[in-house]
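Colleague: Thanks for sitting down with me over this one. Could we walk through its side-chain contacts together?

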Amino acid sequence: MKLELQVEKIKKIVNNAQTVAVVGHHNPDGDCIGCCITMAEWLESKGKLVSMFADGDIPEKFYYMPKAREFNLIKEEDRYDLLVIVDLSEASRLGAWEHLLTKANKIIVIDHHINPKIKCDVLVSMPHYASAGEIVFNMFELMRVKITQEMAVALYTCITCDTGCFLFSNTSTYTHYVAQKLMKQKIDVELINFKNFREYDRKSIPVISYVLKTMQFEFGGKLSISVLPYKVVKKWHLTYESRHGLFKYTTDVNGVICSIFITELAKGEYNVSLRSLGNLDVSVIARKINGGGHKNASGATYVGNQKQLLKILLHEFSKVIE
């Protein structure tokens, strides 16, 4: 369905709603948080009663957006006229807020992942876009919504976070077009990019050192592998936020075109992050262990034996690495 038709449906649903819940995925990232904030800003400007939810802590680095502090603050209603879901394609990714699907009269899903599977009234699925934020911007252009500076900061966060500050291959001419439009709102681009791509806590230095020292390579250095065992996670009290971004140290090595970053969250439970450059599609590999994601950035949760997990991953990578 054309976006213009979907936008008309969304406008009608929103006009008939009063209470709205906006929810993103478990362990929200910049794209998810930025989309939630932008949608909440717009809905509130239309007089709606809006609550934002996300399963997991909102990283403090996003507090340059005041509304980032408003997630999970408002008491959950017994019923919502509308549920807006952003930046996820599987209901299970809602985590603790999955039950909201049963409490809404209408559901709108806005997503840029492949094959979304959430039952809803309006699905805006545009996997060719680098971020869900680009979809929201496109929708607002069609609606002729005035984008405030607060919205511009949030949407720019969406884009810069999901493109690796315009480094990833998903960056398109449209990505730069949207960024250019948002920058006209005189947003602090330096602050946003410094917070998301440069600044780090000095407490993380021992963890970074551990990752660099224990990194292994396969296939002539084309594949890097890093494993954070549970004893390390426990020793340094590593949260999702303190772990997020460590994979850059495995993908930025000269000659590496793909990487595996495994974190043992509990005994026998592993978070697997896969990254790649160019046309190597790691989402195919992630699906082999019941995960998924994007072509160059995917992941999964695996329960079982670490050696078996690595055996599976190395076998699958051997099929795609030349």
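Colleague: To begin, how far apart are the closest N and O atoms in the salt bridge that Glu-44 forms with Lys-67?

Modeller: Happy to start there, with a word on the source: this is a predicted model, where local features need pLDDT of at least 70, side-chain atom pairs count only at pLDDT 80 or more, and totals for chains, interfaces and linings use all residues. Residues are numbered from 1 along each chain as its sequence is written, and side-chain values use heavy atoms, with hydrogens and water left out. A salt bridge here is a side-chain nitrogen of Lys or Arg within 4 Å of a carboxyl oxygen of Asp or Glu. Glu-44 and Lys-67 form one, and their closest N and O atoms are apart by 2.9 Å.

Colleague: Where do the two partners, Glu-44 and Lys-67, lie in the chain?

Modeller: Helices (H or I, at least four residues) and strands (E, at least two) are DSSP runs, numbered from the N terminus. The pair links distant parts of the chain, 23 residues apart. Glu-44 is in helix H2, and Lys-67 is in the loop between S2 and S3.

Colleague: Is Lys-67 buried or exposed?

Modeller: Buried means under 20% relative accessible area, exposed over 50%, and partly exposed in between, using a 1.4 Å probe and protein chains only. Glu-44, at 34%, is partly exposed. Lys-67 has a relative accessible area of 10%, so this residue is buried.

Colleague: What does Lys-117 pair with in a salt bridge?

Modeller: Lys-117 lies in the loop between S4 and strand S5 (122-125), and its partner lies in the loop between S3 and S4, so the pair ties together parts that are 27 residues apart in sequence. The N to O distance is 3.5 Å, and the partner is Glu-90.

Colleague: In which helix do Glu-8 and Lys-11 both lie?

Modeller: Glu-8 and Lys-11 form a salt bridge, with the closest N and O atoms 3.4 Å apart. Glu-8 is partly exposed at 41%, and Lys-11 is partly exposed at 30%. They are three residues apart, about one turn of the helix, and both lie in helix H1 (residues 3-15).

Colleague: Asp-111 is buried yet has no salt bridge, so which side chain of opposite charge is nearest?

Modeller: Lys and Arg count as positive and Asp and Glu as negative, while His and the chain ends are not counted. Asp-111 is found in strand S4. With contact meaning heavy atoms within 4.5 Å, and leaving aside neighbours within four places in sequence, Asp-111 touches residues including Asp-87, Ser-89 and Ser-125. The nearest side chain of opposite charge is 8.2 Å away, and belongs to Arg-93.

Colleague: Turning to the rings, how many aromatic pairs are there?

Modeller: Rings of Phe, Tyr and Trp (its six-membered ring) pair if their centres lie within 6.5 Å; planes under 30 degrees apart count as stacked, over 60 as edge-to-face and the rest as tilted. By this rule the count is eight.

Colleague: Why does the pair of Phe-53 and Trp-97 count as tilted?

Modeller: Phe-53 lies in strand S2 (residues 49-53) and Trp-97 in the loop between strand S3 (80-86) and strand S4 (104-111), so the pair ties together parts that are 44 residues apart in sequence. Phe-53 is buried, at 1%, and Trp-97 is buried too, at 15%. The ring centres are 4.3 Å apart, and the pair is tilted because the planes are at 35°.

Colleague: What is the angle between the planes of Tyr-210 and Trp-236?

Modeller: Tyr-210 is partly exposed at 22%, and Trp-236 is partly exposed at 27%. Their pair is edge-to-face, 6.2 Å centre to centre, with an angle between the planes of 70°.

Colleague: Last one: which residues have the most contacts inside the largest nonpolar core?

Modeller: In soluble globular proteins, nonpolar side chains tend to be buried together. A nonpolar core is a set of buried Ala, Val, Leu, Ile, Met, Phe, Trp, Tyr and Cys residues joined through side-chain atoms within 4.5 Å. The largest has 60 residues, and those with the most contacts inside it are Trp-42, Ile-110 and Leu-182.
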